[in-house]
Amino acid sequence: MVGAKEPLKCLLPLLMEGSAVGIWELVSWRSVGSKLANRLLGIKVINSLLKKLSKRSRGSEFSKESTHPSDYVEVTREEIEEELANSWKDSKVPQIQFDTYTKEQLENYRRGLSVEPYDVLVRILKDNGLDGKRKRMLEVGCSTGYYSEVLKIKAINSAYSGCDYSESFIEFATRLYPGIDFQVQDACSLTYPDGSFDIVISGCCLLHIMNYEKAIEETARIAKEYVVFHRTPVLHKKDTSYYIKTAYGVKMFEIHFNERELLKLFDKNNLKVIDIITFNCGLEKNSGDFYAYKTYLCMKS
Ligand SMILES: C[S@@+](CC[C@H](N)C(=O)[O-])C[C@H]1O[C@@H](n2cnc3c(N)ncnc32)[C@H](O)[C@@H]1O
């Protein structure tokens, strides 16, 4: 059931702040406990405890990017300049991303070491029996296409295709993995017919798309059976929030979703959440709200 895979390191903020999956609702004196604990420990101390509890793989892009570091500047939706929607299309980004994170992560993964975000995608597919019969699979926001290799390493039996709105990423992916179908496509206006893929993976890209409502609709439309929203940052109580940061030498925005809003959007698009893996969680720096990065597996109903 939803939230069944909250790792140990996420239990602390769940207990402190209450969880969307209702763990804390089981305890009737929640607010007393939360206030007392906040007073005794303080948000900073809790965050540092969480960091210590988090066992992170070396060179993980995810670990470095997913906390709320001081260089995240919170802005309003209106303050995001239009050109930031194209930040990921900058031609220097793929090489920088590859050199900074992907190369080392892939080398580690090939050697059998753990890379947390890779492990999470593999686990959610395997745990739900989606690794056996060959499935037509599309990754939206595939970047340099490294998940094609991740799935192969772990013997996930899939006919993998990838798409990304950046021509430079698609050129890079095609060079790295010749023979795989990579296409330049915008997540908000995919040209694939309805139900083209058994599984569509929204590859940690919703958070970079202003019109995420449309991206969810399109992702659901082209999926026949399942959609995975991989590595999605969610906030428990705070409204959907917008941040500006600099990554790979470019200024870009990131959206962290109010989880209830996100789940309602899934529901609106006939996507029923059947599994969630939560990782990299903590307290949002401005509000102290509980945030987490979650991978959702949805079934089309
Ligand atoms: C953080 S990377 C994720 C890479 C990989 N899927 C993963 O999960 O590690 C986000 C990717 O989404 C792509 N992207 C951003 N906006 C997009 C859009 N509107 N349509 C398609 N891809 C988009 C970017 O170019 C980038 O490659």
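A: The protein chain has an average pLDDT of 84, and 77% of the residues score at least 70; pLDDT is the predictor's confidence in each residue, from 0 to 100. This is a predicted model, in which local features need pLDDT of at least 70, side-chain atom pairs count only at pLDDT 80 or more, and totals for chains, interfaces and linings use all residues. Residues are numbered from 1 along each chain as its sequence is written.

Strand β7 (residues 241-247) pairs with β1 (residues 73-75) through three bridges, and the two run antiparallel. Strands here are DSSP runs of E with at least two residues, numbered from the N terminus, and two strands pair if DSSP finds at least two bridges between them. Across this pairing, Tyr 243 in β7 stands opposite Glu 74. β7 is also joined to β8 (residues 250-258), again antiparallel, by seven bridges. There Ile 244 has Phe 253 in β8 as its bridge partner. Two residues separate β7 from β8 in a hairpin, and Tyr 248 in the turn has a positive phi of about 55 degrees. In a regular strand the side chains alternate between the two faces of the sheet.

Over residues 16-40 pLDDT stays under 50, and the model has 26 contacts beyond four places in sequence for them. Two residues are in contact if their C-beta atoms, placed from the backbone, lie within 7 Å. Residues 49-67 also stay under 50, with 31 such contacts. Where pLDDT is low, the predicted coordinates should not be read in detail.

Note on methods:
Helix = DSSP H or I, 4+ residues; strand = E, 2+ residues; numbered from the N terminus.
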